[in-house]
Amino acid sequence: MEKVYYSTDIKGGLICRKCKVPLEKSPARFSYMGNAFPVELPVCPKCKFVYVPEELALGRVLSVEKSLEDK
Amino acid sequence: MIMRPSEKKEKKFYHMKQAFDQKELHEREGICTRLEPPGCQAGCPIHVDVRALMEAVSKEEYDKGYAIIKSAFPFVNLIAQKCGAPCLGGCVLKDKGSIQINTIEKACVAYGRDKPKSKFLLARKNKKAAVFGADLFALACCAELGEKGYEVHLYGADPHHILLALGLSEAEVMADMAVFDSLRVNFMGDVPIKEELLNQKIAEYAAVCISYDMCVFFQDVELPESVFVGKAAAAFIDTICAAKSLSLDADRFMQGVQTEQGRQHEGAYETALYVSPNEIRGAKVYENALDGVLDQKAVIKEAARCIQCECTECIKGCAFLKHYKSDPRKTIREIYNNASIVMGDHHANHMINSCSECGQCAYTCPNGFDLSEICRRARQAMVETGKMPPSAHEFALLDMSFSNREAFLALPQPGFETCKYAFFPGCQAMAIAPAIIELTYRDLCERLEGGVALVLGCCGAIADWAGNGAFFDDTVAKIVDAWEVLKKPEMIVSCPSCMKVFSQYTNIGATGIWDVLNEIGLPEDMKLESGDFIIHDSCGARGNEKIQDAVRQLIRATGREVEEAAYTRDETPCCGYGGLTAYANPELAVKMSEFFVEDTRKSYVSYCMACKDRFSKAGADSMHILELVYGRDETKPPNLSERRNNRLQLKANLLKTIWGEEVKMKAYDFNVHVDEALMQQMDERMILIDDIYQVFESMRESGNAVLEVETGFLSTSARIGNVTFWVKYQETADGYHLIGAYSHRMTVEV
């Protein structure tokens, strides 16, 4: 089974405003500088809009970006 | 496991490029002499670490002091009693009274305790060596070879008797004889001076050292290469030095290694270590009557008088080196090693991108070590090999593109087909003080004969700092093209960095606005004002006394007094903007600004608009020379979004009021409301208000947004260039109220 680098809890619920349906925890993939990381993120099951929470963007995503930039 | 995107499963190539080769690395390392010993240590033939000794004694650590002397030569009592202290001649405090090193050594013997080395910690070699002699030289050879792990046989005299004969008391002899407890040194009787016996003895040992005094016995004997004969030495300490040297010859011979390598500093020599006259001036004068008196308080006081000679000239004035607790020698090695890494982490990237490339170190270093040039070349190599972290300078480079695209302008003064002059205020002046630039341009148009064209844009220094040679060349080419279209007017610049770029990389040449104003005089309606200003010299003017003098002349002409800072003219530190430190390492850039404007009660004047801006942000009363002439710009230091807007507004205002052209500014048909605290956070995250508008524009087209049920906030995003921007907001009748904004460079897909 493929390792998942991040998984999110959808606290209190997230709703896709366009499709009017709740976002669901789904597999997604972050890519940067030729590397990719499988993660689980809130995704709209209809329009596939992916939500990246602030704490993820400024936390692990940022630190991985910096590590990859220094490779 | 990290996996690669399936569509990009191509072979990875690793590009490596050193900014300089190993030979250059060693040459440049050699420029820095801070690892050279202080004068006292270099002047001591056996190189006692006097600096460490003084530090230890100043802290009342006599045992440590004892150990320091012992590490240079094990017979500490002998040294303390007999050494003629040539080290005193090397002390930089000669004029104030050299530190009484010999008395302090005596105090170490009196108050310090010996900590004998454990036998088990000593090296043990299988070979045997012999020493022929009955004097200090022989004794020293025994100790040296013994400490190197050889079994040593001494022929000539018992060490005990040698020490007594040298004038030590029985108690002192006993103390020094303890050295032999851990060594394999044996007294074997008389020297075998008969040739037959000599040859037989020599054959028994891997090496034989013969004291100079014994030479007469072997004058006519042909000695094999395993025999080493001492040279005469007049002074006590020189004899020990000669014995150490001869023992090293014998040791290297027995080990079968090259005997001469790395021995250029044997014996006393003159050190290349630089000690600042300021440090010497600040030292205390010798006032204790220490001679022969070992009063502990007086000894400690005297040891504390040592200024601990070291060269930190480059570090003292540079916030970058202080921040990294580094020095140019260490830094250049880290840079070299960083470029040698093929598949690991390039840990020095951030450090390389944090140097302001201001060139201060080349002037503060007594030998001219230019670390900024090294950092610049390292960045160029990183860009060429694709190793430059994309996030380091992208914002600054995009900003430069903006200056030379949306905000660019190159027009002759109305009424003139060709102009004698062109004014090039530079990207920072346009962004920070557009009103002052407008006043300056209008004044130049009014008072200079022959017409003044206007060129708004960036000279390319930003790309040069980023190490991006191709981008720099393109930018310079664009400015040169514009200048040629304007029929090559005399370019008047208000920024020394632009001047440097035009003078060094183009045939444009440039005249400083300071020279123009000194020549044509101040505007008639200008009111002279008084006040003291500490001047900050721009890094672009480093090494150019003419500019530095002209600016001072201009400041004085406006009625103000010029005060020189501790680091001034060629030694001025960077404001924090140079080298794009403000983008690559904003925290360090703040330290750089604060380092110069330490005293915020004072007023500061600069002649680069970026410096003025950085010092204002650091809380200082900071002005640009053009403000002294055309009036103070009362506006707050602009944020990143305002900087861009200022450039656009300046262009639009001038086009409208001078050339009569209406410029349509880009407008959105919706409103975004951002409070001041959030604006500041966006600045820290390098997010522009225009990025936010573009995200909303994208959302209005796609309808993509996520509602947080708990808070009622909406979130949406858009990819702009290499960055995904996210906004969190509330929607009201009067537009979008921003709650938060953040970004990431990674792409995300399902």
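1. Chain B carries 35 helices and 20 strands; helices (H or I, at least four residues) and strands (E, at least two) are DSSP runs, numbered from the N terminus. Its radius of gyration is 36 Å, well over the 27 Å that the globule rule gives for 750 residues, so chain B is more spread out than a compact globule. For your own check, the radius is taken over C-alpha atoms, and the rule is 2.2 Å times the number of residues to the power 0.38. Along the principal axes, the C-alpha atoms of chain B fill a box of roughly 110 × 70 × 55 Å.

2. A word on conventions: this is a predicted model, in which local features need pLDDT of at least 70 and side-chain atom pairs count only at pLDDT 80 or more, while totals for chains, interfaces and linings use all residues. Residues are numbered from 1 along each chain as its sequence is written, with chains lettered from A and ligands numbered from 1 in the order in which they are written.

3. Do have a look at the parallel sheet of chain B. It is an open sheet of five strands in the order β3-β2-β1-β4-β5, where two strands pair if DSSP finds at least two bridges between them. At the edges, pairing on one side only, are β3 (185-189) and β5 (227-229) of chain B. From one strand to the next, the twist averages 20 degrees. Helix α12 (residues 236-255) of chain B packs on this sheet and touches β1 (128-133), β4 and β5 of chain B; contact here asks that the C-beta atoms of two residues, placed from the backbone, lie within 7 Å. The direction of α12 makes about 170 degrees with that of β4(B). Axes are lines fitted to C-alpha atoms, for helices over the stretch in contact, and angles run from 0 to 180 degrees between N-to-C directions.

4. Within that sheet, β4 (residues 207-210) of chain B runs parallel to β5(B), joined by three bridges. Cys209(B) has Phe228(B) in β5(B) as its bridge partner.

5. Next, a helix pair. The axes of α3 (residues 50-58) and α14 (residues 296-304) of chain B come within 8 Å and cross at roughly 135 degrees. That makes α3(B) oblique to α14(B); angles under 35 degrees count as roughly parallel, over 145 as roughly antiparallel, 65 to 115 as roughly perpendicular and the rest as oblique. The crossing is left-handed, meaning that the near helix is turned anticlockwise from the far one by less than a right angle, with clockwise giving right-handed. Met54(B), Val57(B) and Ser58(B) of α3(B) meet Val299(B), Ile300(B), Ala303(B) and Ala304(B) of α14(B). These contact residues divide into six nonpolar, one polar and no charged. Ala, Val, Leu, Ile, Met, Phe, Trp, Tyr, Cys and Pro count as nonpolar, Asp, Glu, Lys and Arg as charged, and the others, Gly among them, as polar.

6. A second pair is α23 (residues 434-447) and α33 (residues 640-657) of chain B, whose axes come within 10 Å and cross at roughly 30 degrees. The two helices are therefore roughly parallel to each other, and their crossing is right-handed. Pro434(B), Ile437(B) and Glu438(B) of α23(B) make the contact with Asn646(B), Gln649(B), Leu650(B), Asn653(B) and Leu654(B) of α33(B). Here the division is four nonpolar, three polar and one charged.

7. Strand β19(B) deserves a paragraph. β18 (residues 723-732) of chain B runs antiparallel to β19(B) over nine bridges, and the two form a hairpin with two residues between them. Phe725(B) stands opposite Ser743(B) in β19(B). β15 (residues 672-673) of chain B joins β19(B) through two bridges in parallel, with Val672(B) partnered by Tyr736(B).

8. Finally, the interface takes 34 residues from chain B and 35 residues from chain A. On the chain B side, β19(B) gives the largest share, four residues. That side divides into 16 nonpolar, 11 polar and seven charged residues. An open, antiparallel sheet of three strands has the order β4(A)-β3(A)-β20(B).
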